[in-house]
Amino acid sequence: MGPEIAFFLVIAAIVVIFLAVFLSFIPIGLWISAQAAGVRIGFFNLIGMRFRRVIPARIVQPLIKATKGGLELNTNKLEGHYLAGGNVDRVVNALIAAQRADIELEFERAAAIDLAGRDVLQAVQMSVNPKVIETPVVAAVAKDGIEVKARAKVTVRANIDRLVGGAGEETIIARVGEGIVTTIGSSESHKTVLENPDTISKTVLNRSLDSGTAFQILSIDVADVDVGKNIGATLQADQAEADKQIAQAKAEERRAMAVAQEQEQKANVQKMRAKVVEAEAEVPLAMAQALREGKIGVMDYYNLKNIGADTDMRSSISKMSGSEDKNK
């Protein structure tokens with residue numbers, strides 16, 4: 001191999017490496033697609049995207065789509081939204097869908113909605129095709145104490161102007177549930193709710209529940225109404241049981257007090273009996289003292305003993321007579 005051939009091979013290798021690096025840095029195929037679609041974008045602009053750490057395909061392809069869709073956008077707006085962390089392709093799709101549906105939507109508004117974390121394309125689609133939100137079963141008690149369970153379907157449409165900062169579906173569901181509870185709770189009877197379930201829809205719609213939300217409520221339809229428990233009767237039964245327990249507790253308290261008073265009276269009786277026994281023990285001493293002092297004589301003492309013996313005999317006879325009468 002001569003030196004000329006070796007030199008030629010080195011030059012060819014350098015050219016191939018340069019072309020590979022050049023083509024990887026500047027997407028020629030993407031530039032050709034843009035030119036064919038009528039999007040005027042130069043090589044230096046594509047090189048600038050590389051230096052700004054922007055993937056050219058994420059900008060050029062949505063720009064081609066926007067141009068074909070009749071939108072007037074430029075690379076600066078798309079690059080700015082991409083660098084801010086937005087989804088350029090989704091924003092462009094939303095703008096095209098809004099234009100086709102004759103919905104006024106500017107790029108700045110769509111970009112703000114996308115950066116706020118909402119799906120701007122879904123929002124535009126919901127503006128054209130309203131969405132039905134189904135609430136969970138809401139239970140409330142009418143004034144007659146009967147529980148009523150209701151479930152509603154809420155038809156909403158996205159409000160493009162309030163998507164940034166507006167409340168979501170959870171707020172709509174919570175407000176509708178509150179309206180259902182208020183309507184059922186203010187009804188005189190559960191039969192009124194069962195006969196006219198549309199009163200729930202009318203009451204809820206009149207409360208402007210979509211205020212401050214990202215949606216516009218179109219209609220509220222009560223899907224199902226069922227009768228639940230008799231809450232009033234249950235509460236009365238619970239109250240009666242509580243009253244019974246209170247009465248039993250008070251009766252037990254009075255019984256305990258009566259037992260305590262009985263025991264106290266028994267103690268008093270024993271105390272009085274002890275005093276009587278003590279007093280009786282002093283009688284012989286007093287008799288002996290009277291005999292010593294001569295205040296009574298011996299005969300008087302014997303007479304007292306005879307009187308006591310007669311008294312005991314009469315008592316025994318009367319007890320025997322009483323027993324015989326009972327036996328007869």
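Predicted model: local features only at pLDDT ≥ 70, side-chain atom pairs only at ≥ 80, totals over all residues.
Let me begin at the N-terminal end of helix 8, which D119 caps: one of its side-chain oxygens lies 3.2 Å from the backbone nitrogen of L121. Such a polar contact is a pair of N or O atoms within 3.5 Å; within protein, one must be able to donate a hydrogen and the other to accept it, and residues adjacent in sequence count only if both atoms are side-chain atoms. Helices (H or I, at least four residues) and strands (E, at least two) are DSSP runs numbered from the N terminus.

Residues are numbered from 1 along each chain as its sequence is written, and side-chain values use heavy atoms, with hydrogens and water left out.

Helix 8 covers residues 120–128, and V120, A123, V124, M126 and S127 are buried there, that is, under 20% relative accessible area with a 1.4 Å probe, protein chains only. Viewed down the axis of helix 8, these buried residues fall within an arc of 160°, so they line one face of the helix; the arc is that of the directions from the helix axis to the C-beta atoms. Which elements cover them? They include helix 6 (88–100), helix 7 (107–115), strand 1 (131–134), strand 3 (146–158) and strand 4 (215–230), where contact means heavy atoms within 4.5 Å.

I turn to helix 6. At its start, a side-chain oxygen of N87 reaches to within 3.3 Å of the backbone nitrogen of D89. Just after helix 6, D102 takes a positive phi of about 60°. Buried in helix 6 are V88, V91, V92, A94, L95, I96 and A98. They pack against helix 4 (56–68), helix 5 (75–83), helix 7 and helix 8.

Next, the core. The largest nonpolar core has 56 residues, and those with the most contacts inside it are L73, L78, L95, L105, V176, I180 and I184. Helix 6 gives the largest share of this core, seven residues. By nonpolar core I mean a set of buried Ala, Val, Leu, Ile, Met, Phe, Trp, Tyr and Cys residues joined through side-chain atoms within 4.5 Å. Leaving out residues up to four places away in sequence, L78 touches I59, L63, L73, V88, V92 and F107.

Finally, the whole protein: it has 13 helices and four strands, and buried residues make up 27% of its 328 residues.

Methods:
Buried < 20%, exposed > 50% of the residue type's maximum accessible area, 1.4 Å probe, protein only.
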